[in-house]
Structure formats: structure tokens, C-alpha cells
Amino acid sequence: MKKTLLIALVTILSVQVQAQLLWKVSGNGIERPSYIFGTHHLAPSDSILSAHPSIDAALQAVDCVYGEVLLSDMASAQNEVMAALQAPADSTLTDILTTAQLDSIGTLLTSYAGTPVNPAMFSAFKPAMISTQLEALRSLAVFPGFNPARQLDALIQTKATELGKKVDGLETIAFQIKLLYGSPVARQAADLMKSVRLDGKLRLFTRELTRAYTAGDLERLHALMNDPETGMTPEEAETLITSRNQAWVNFLIGALTTAPMFIAVGAGHLPGPSGIINLLRSKGYTVEPAESSITQ
């Protein structure tokens with residue numbers, strides 16, 4: 001099942017990584033260290049940044065900042081996003097789902113919204129759009145202090161811009177749109193109904209995932225995201241995590257020796273055998289928890 005949280009995992013065989021979201025990368029020809037920070041796309045940014053004061057020092061110590069995408073490009077990509085959300089004319093929700101399925105979706109959305117929601121109003125959109133909304137609603141129930149205007153990834157990029165740092169993305173917005181909404185509509189519909197059916201368990205999953213993130217417990221995060229019932233399937237892990245991590249590390253190998261960097265990506269991309277931490281270590285870099293005092 002797709003997880004828009006898009007967060008990845010820990011190298012349990014080689015290092016204990018509890019309580020660490022900010023990591024320092026050095027060695028292997030690097031003159032000045034770079035930093036990697038694991039974000040949560042729906043976390044209340046102010047409380048997270050307050051818990052990790054070294055982030056500001058790390059941002060000041062680097063020359064450039066990379067997120068998953070360059071978020072300042074989102075405004076110009078709105079038409080592209082809306083086009084990607086539109087269902088094919090012969091595959092709207094009312095075409096591909098039964099009345100009972102639509103009723104179950106409406107009931108669930110109503111329970112979150114606190115007011116009646118008719119799923120027919122979303123008929124023109126792909127099922128993945130509703131799945132995304134459900135995942136966001138579950139996260140908001142856990143993170144009630146989340147302010148969309150102060151999203152953590154965006155705030156980091158804004159801080160970097162204000163410091164005069166170069167800001168860029170590891171991927172294009174077009175790539176992420178295809179990643180999230182480009183699968184066959186029938187597959188999206190099956191994923192949506194599974195999300196509805198398992199909502200109670202997924203609420204608990206989201207709560208535990210959030211606790212693991214705020215504690216910086218990447219090992220626990222890894223275990224949750226690989227849960228066979230509520231986590232990613234092996235195919236999803238390959239698409240959402242493994243292949244992207246490898247592409248990012250291939251880029252970083254050539255970039256880390258040219259300028260100190262601050263890389264802010266979903267925390268789920270950090271640990272695990274195929275996580276960024278382990279991949280960089282396998283290439284000869286030293287990746288370790290960042291010290292509380294970071295010098296330029």
C-alpha cells in the first residue's frame with residue numbers, strides 16, 4: 001500500500017540509530033562535512049526544529065540544501081498536479097467501485113470530517129487522491145498542531161534561501177507526481193479499499209510511526225514500515241524507497257566532494273540495508289550522528 005509519508009529506514013546490522021534524525025557525512029575526500037536530516041512531511045515543524053537546534057547550525061555550515069523536490073516549484077506545477085489527479089473518463093470512482101464500496105468510503109471520510117461527505121464529489125479524481133487524503137487525515141489526528149503553511153520540508157528550504165544558500169531538489173515534481181498517481185487505476189482502487197478496510201489498524205500504525213519519528217527511533221520506524229499487513233509491500237518498498245535511495249546516492253557520490261550539503265528527505269529514506277546511511281557507508285563515507293555543536 002502506498003504511503004505518502006514516503007519515510008524510510010535503518011541499518012540494524014551495523015549500527016544502533018535510536019534518537020537520531022540529523023547525521024553528519026565526512027571522509028572519502030570530503031573537506032567539509034555534509035548533513036542529512038530525516039523529515040516528516042506532516043509534522044508540526046516548530047516543535048521538531050525546537051527539538052533539533054543543531055539544524056540551524058548545520059544549515060549555516062553548508063553551501064547548498066537539497067530536498068526531495070524544490071518546493072518553490074510547486075506553484076507553477078499546479079496544473080500538472082491537477083491533470084495527474086484526474087481519473088480517465090471511463091474509470092471514475094462511480095465506474096470502478098460498487099455502491100457499497102462508495103458508501104464505506106463516505107462513512108469513513110465523514111468520521112474524520114465531522115460532517116457528511118459524499119464520495120461522489122471526488123468521482124472525477126483517481127482513487128490514489130482519496131488514499132492520500134486518508135493518510136493525511138490519519139496523520140493530522142496524531143499531529144493536530146500541523147500547520148500546512150509551515151510544513152517542515154518547506155520551512156527548511158525557506159530558511160536556507162534566507163541564508164543565501166543554493167536550494168534544489170533530488171527529484172522533479174513531475175517524477176513524484178507519476179510516482180504517487182501513475183499506477184493503474186484498478187490497482188489504486190484496490191489500495192484505496194484496503195486502506196478503508198484497515199483504517200482502525202492504520203490509525204494505530206500512524207500513531208506508532210509518529211511516536212517513532214518524534215523519538216528519532218529509526219529502528220522502530222523500519223520495523224513499522226515493513227510490517228506485512230500495514231506497511232509497504234516488497235514491490236512498493238522497491239519503488240518508493242530502494243530505487244530512489246540508490247539514485248540519490250549516485251548523485252551524492254559526485255556532489256559531496258564539491259560542496260558541503262544539507263540533505264532533507266523523508267526520515268524513512270535514512271536507515272535500512274538499502275537506506276541512504278548504509279549506502280553511503282558502503283561507498284566509504286563516514287556517516288555518524290551529528291554533534292550538538294556544529295562548526296562552520
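**Close-up views of a predicted model**

**View 1. Helices α6 and α10 where they cross.** In this predicted model, the axes of helix α6 (residues 127-142) and helix α10 (residues 199-214) come within 9 Å and cross at roughly 55°, axes being lines fitted to C-alpha atoms, for helices over the stretch in contact, with angles from 0 to 180 degrees between N-to-C directions. Helix α6 is therefore oblique to α10, a word for angles that are not under 35 degrees (roughly parallel), over 145 (roughly antiparallel) or 65 to 115 (roughly perpendicular). Helices (H or I, at least four residues) and strands (E, at least two) are DSSP runs, numbered from the N terminus. Arg138, Ser139 and Val142 of α6 meet Asp199, Leu202, Arg203, Thr206, Arg207 and Thr210 of α10, contact meaning heavy atoms within 4.5 Å.

**View 2. The largest nonpolar core around Phe37.** This core, a set of buried Ala, Val, Leu, Ile, Met, Phe, Trp, Tyr and Cys residues joined through side-chain atoms within 4.5 Å, has 63 residues, and those with the most contacts inside it are Phe37, Phe262 and Leu280. Its largest share, seven residues, comes from helix α12 (residues 234-255). Beyond its neighbours within four places in sequence, Phe37 is in contact with residues including Leu21, His52, Leu152, Tyr213 and Phe262.

**View 3. Asn28 in a loop.** Asn28 lies between β1 (22-26) and β2 (34-39) and, although not a glycine, has a positive phi of about 60°. Asn28 is partly exposed, with a relative accessible area of 42%, where buried means under 20%, exposed over 50% and partly exposed in between (1.4 Å probe, protein chains only).

**Notes.** Residues are numbered from 1 along each chain as its sequence is written, and side-chain values use heavy atoms, leaving out hydrogens and water. Local features need pLDDT of at least 70 and side-chain atom pairs count only at pLDDT 80 or more, whereas totals for chains, interfaces and linings use all residues.
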